Amino acid sequence: MNPRPRPLTAVLRQIAPGGIASVEFYTLPVDGSVVLGRDPVCQIVLDSHSYKGVSRQHAQIRAFLDQDKAAWQVCDLNSSNGTYVNGCLIQGEEQLHEGDRISLGKRGPQFMFELLDLNMAPEAGQEESMLPPVSSASTAPNEPSGTHSFSPDSSIESYVYQPASSGDVTFSQLFPIISTGRDLTAKAYLIPGVVTVLFVVLMFIAVGNVQAFNTLIAAYLSAAAYYFVYQLCGKHKPAWLLLSSGMMTALVLKSPLLDAFIFVFQERLPGAIPTDPSSVGVISLFIRMLFGAGLMEELIKALPILGAWVLGRSARSARYRNAGVNEPLDGILIGAASAVGFTLIETHLYIAEVLNGVMLQDPLGNKELMGLQLLIPRILGSVSGHMAYSGYLGYFIGLSTLKSQRQWQVVLIGYISASVLHALWNTTGFVNPLILALIGVLSYAFLAAAILKARALSPTRSNNFATRFTPWGNK
């Protein structure tokens, strides 16, 4: 006699940081519904402090019969940020299938829908299961740890999942790419990993071509430095806008427009930088660096931020308005991207100038090795250098959008502050290495403080991926 097939039980697992499903789960009823939200009356309650983007009663999961078999569907309860299944916003009700991911909001907490064999009724002649059901209304002292009960009036039973004592292996467990592949681009640093692999392959191809090899290393290190700042900010910006910002600054440095800046700041204003900095006093050198490097270069790098500021106010399309500078985080991200373009061009020109001098003195010298030694610290130093100054100025330009009555005073304070930090770095480089390191740390601290304040002021704070935490279980 063939054994009677055991029915499958639907469960929800909360997805933890990194895209990993919790071993604990919530069982779903076969003849009722559960509500997910921040309201304490919900059957699955999300923490109000951690999930501010989740509505009080956000979504409902309901059981129904589909060809005499139990099935489940999810319905949005007119939530503020919507309910998503596998990254797609649902309209009305959506039937759930094995491995589906439910998101409360576009980037809110996620749950995985799975079907497990949790029927505890023993077959004839079989021993009882090691996982006895625990009623949600039970308050027995031997209730298994980790059990999640929904409400005292519910008939839902809860269990603790123990893979070692269960023979169940689900399809999503055997093929994790099926259930997690839909949003891998937002999890587990997939994109940085793919970019790294591509750069490694390209660098192998470029072995023997010094210029191409160094260019690839400079591009990769710059992207890594910017990615670090991007993750600190925690706000998504279009890739085309960030790339355009860096390219715009690079084009300015390679165009006749740079001569106009040099004429104003270094010839008409007291910004003439001496060939031998030790020939002038520290105060005189600082003033020259303030006009000839700080004020001039920060204005150049601010051009893309100001362009995006105008875009955010004049564009007719909502897409382009949102891409512009509408808050401090926008200014920081665009300013840091602009600094990447500036750093790449400046480093290339600086290294070429140094190596030309080396070849005049020592034609047999190993200029390739020296070029690499100059390139790496200059690119990585941009996090506490050009990115810090430009990002800091970008914070003030973005802040001016929130303080319209004093926007020009706000921008002016940011412009002077960033320029002073820049000039201090350039000046102390000829004075004392320890003071130079202190200024670098100070510059990065200014940028980090600006990012933290910008995240606190952000009108879209609830969607910020740098400030959103996902607890392992329901709390």
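## Aromatic pairs

Rings of Phe, Tyr and Trp (its six-membered ring) are taken as a pair if their centres lie within 6.5 Å. By this rule, the count in this predicted model comes to 11 aromatic pairs. One of them joins Phe228 and Tyr444, with 6.4 Å from centre to centre and 25° between the planes, and is stacked. Phe228 belongs to helix α4 (residues 210-233) and Tyr444 to helix α13, so this pair ties together parts that lie 216 residues apart in sequence. Phe228 is partly exposed, at a relative accessible area of 40%. Tyr444 is also partly exposed, with a value of 28%.

A further pair is formed by Tyr395 and Phe396, whose ring centres are 5.2 Å apart. Their planes meet at 85°; planes over 60 degrees apart count as edge-to-face, so this pair is placed in that class. Tyr395 and Phe396 are both buried. These two residues, together with Tyr392 and Phe446, make up one aromatic cluster.

## Helix α12

Helix α12 covers residues 407-428. With 22 residues at 1.5 Å each, the helix should span 32 Å, and the distance of 32 Å between its end C-alpha atoms agrees with this.

Which residues of α12 are buried? They are Gln407, Val410, Val411, Gly414, Tyr415, Ala418, Ser419, Leu421, His422, Ala423, Thr427 and Thr428. An α-helix has 3.6 residues a turn, so residues three or four places apart point the same way.

## A nonpolar surface patch

Val197, Val201, Leu202 and Ile205 form a nonpolar patch on the surface. Together, these side chains have about 370 Å² of accessible area. Val201, one of the four, is found in helix α3, which runs over residues 190-205. Is Val201 buried, partly exposed or exposed? Its relative accessibility is 43%, so Val201 counts as partly exposed.

## The protein as a whole

The protein contains 13 helices and 14 strands. It has 475 residues, of which 44% count as buried.

Key:
Residues are numbered from 1 along each chain as its sequence is written. This is a predicted model: local features need pLDDT of at least 70, side-chain atom pairs count only at pLDDT 80 or more; totals for chains, interfaces and linings use all residues. Side-chain values use heavy atoms; hydrogens and water are left out. Helices (H or I, at least four residues) and strands (E, at least two) are DSSP runs, numbered from the N terminus. The expected span of a helix is 1.5 Å times one less than its number of residues. Buried means under 20% relative accessible area, exposed over 50%, partly exposed in between (1.4 Å probe, protein chains only). Patches are made of residues with over 30% relative accessible area and no salt bridge: like charges are joined within 9 Å, nonpolar side chains (Val, Leu, Ile, Met, Phe, Trp, Tyr) within 5 Å. Accessible areas come from the Shrake-Rupley method with a 1.4 Å probe; for residues, only the protein chains shown count as cover. Rings of Phe, Tyr and Trp (its six-membered ring) pair if their centres lie within 6.5 Å; planes under 30 degrees apart count as stacked, over 60 as edge-to-face and the rest as tilted.
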